[in-house]
Amino acid sequence: MKRVVITGLGIFSSIGNGVDEVRQSLREGRSGIGMSQARVDLGYRSPLTGILPEINLKDILDRKSRLRYAEHGVYAYMAVREALQMAGIDDAYLKANEIGIIMGNDSSAKAVIEGIDVIREKNNTQFVGSGNVFQVMNSTLSMNLAVSLGLKGVSFSVSAACSSSSHAIGLAATLIRSGIQERIICGGAQEVNEYSVSSFDGIAAFSMRKDEPQKASRPFDVGRDGLVPSGGGAAVMVESLESALERKATILAEIVGYGVSTSGEHLTIPTSEGPYTAMKRALNDAGIEPEAVDYVNAHATSTPLGDANEAEALSKLFAGTRPYVSSTKSMTGHELWMAGASEIVYSTLMMMDGFIAPNINLEEKDPKAATLNIPTEAVEKQIDIVLSNSFGFGGTNAALVIKKI
């Protein structure tokens, strides 16, 4: 089995455009949450969302290519380009070598709605335009990036709700371990327009703390009242250790564990057993005991049941030991399909710089999390092993373990 390493990171999120901005935001505990007037106008109960700057690809991609990219495809492109640059992979290398792509994505709402609006207005499907076809598909990220970058390796997207991009990274690592691929760019993206999460708002999944947007995402806090949706794009360049050494690439971390499970009990109500199983399997895959873990980037989205059940699973897994646990969603909100990948980026940055990001907005800890070591301010600490969790609707669970080399 080949060893799998991370050589590049890319991130475009509510707490920063690029790794440098994001690293600083993580240290400072800066929130990226705000209010969306477009959501107010559309009738949302909660207009809270992660705030991202608009990106214009006019000077980066030709017009024909730009028409193929959905909103979150643009975010993904920015993240992938940054990850490749950090990894020392340029266009000439992409052309001469086989590199794959696996991205996490579970919807493309804006493109679907805008396409249907045109058809209803014109009563003619021909007015939609050919670009819409490549925006609406769930594989929109992987297919467009593969063509724009000229990739020749594996190419597909993973749809698994909020664990999509964790599975994308885990599957990429599995393919490299087995020798099927040498190098894969992987990650995920999530759109933040007013159409993207309207049905979630309808089922009262979101926080109603509209008077204090930056305090609305409150993982593990007694006063949490729902998640805050967010998005962006995240990318991780992974490759075999042999490939990285051959290229003389800077190795940022090693992916040593991937654990999966399905709770299989309810579409939306999480359990503690499913997450526990995924975490345990990830540690077993890595060949380490719970006491070796320095930091857990928790899934904790700030929902009453989800946080409580994850806290229960963490308390069971780490009984007798106290790794630091925090949820970066307290700052970013829940980045949905991209969350697993973005949190690997965040965790790797912490590992590289020797600090643990705070779990902001934690004023009174939930009794279920009483034994968890949750910092409310940044902690300066060398991190050697990280466990990162992602759980999603349908009971799909993924856990990843990364290690400092």
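Visitor: Is aspartate 353 buried, partly exposed or exposed?

Guide: Please keep in mind that this is a predicted model. Aspartate 353 has a relative accessible area of 29%. Burial requires a value under 20% and exposure one over 50%, so aspartate 353 is partly exposed.

Visitor: With which residue does aspartate 353 form a salt bridge?

Guide: The partner is arginine 23, and the closest N and O atoms of the two are 2.8 Å apart. Arginine 23 is buried, its relative accessible area being 17%.

Visitor: How many salt bridges does the structure hold?

Guide: There are 17 salt bridges. Among them is the pair of aspartate 221 and arginine 218, at 3.3 Å from N to O; both of these residues are buried. Another is formed by glutamate 212 and arginine 209, with 3.7 Å between the closest N and O atoms. Glutamate 212 is partly exposed, at 31% relative accessible area.

Visitor: How is a pair of aromatic rings described?

Guide: One gives the distance of the centres and the angle of the planes. The count here is four aromatic pairs. One of them, tyrosine 69 with tyrosine 77, is edge-to-face, with 5.9 Å from centre to centre and 85° between the planes. Tyrosine 69 is buried at 6% relative accessibility, and tyrosine 77 is buried at 4%.

Visitor: What are the distance and angle for phenylalanine 200 and phenylalanine 393?

Guide: Their ring centres are 5.6 Å apart and their planes meet at 15°; the pair is therefore stacked. Phenylalanine 200 sits in helix H10 (residues 198–202), while phenylalanine 393 sits in the loop between strand S14 (385–392) and strand S15 (396–403), and the two are 193 residues apart. Phenylalanine 200 is buried at 14%, whereas phenylalanine 393 is partly exposed at 39%. Ring pairs join Phe200, Phe206 and Phe393 in a cluster.

Visitor: Which lysine lies over the face of tyrosine 276?

Guide: Lysine 316 does, at 4.2 Å from the ring centre. Lysine 122 is likewise placed over the face of phenylalanine 127, at 5.6 Å from the ring centre.

Key
Residues numbered from 1 in each chain as written. Predicted model: local features only at pLDDT ≥ 70, side-chain atom pairs only at ≥ 80, totals over all residues. Heavy atoms only, no water. Phe/Tyr/Trp six-rings, centres within 6.5 Å; stacked < 30°, edge-to-face > 60°. Buried < 20%, exposed > 50% of the residue type's maximum accessible area, 1.4 Å probe, protein only. Helix = DSSP H or I, 4+ residues; strand = E, 2+ residues; numbered from the N terminus. Lys NZ or Arg CZ within 6 Å of the ring centre and 35° of its normal. Salt bridge = Lys/Arg side-chain N within 4 Å of Asp/Glu carboxyl O.
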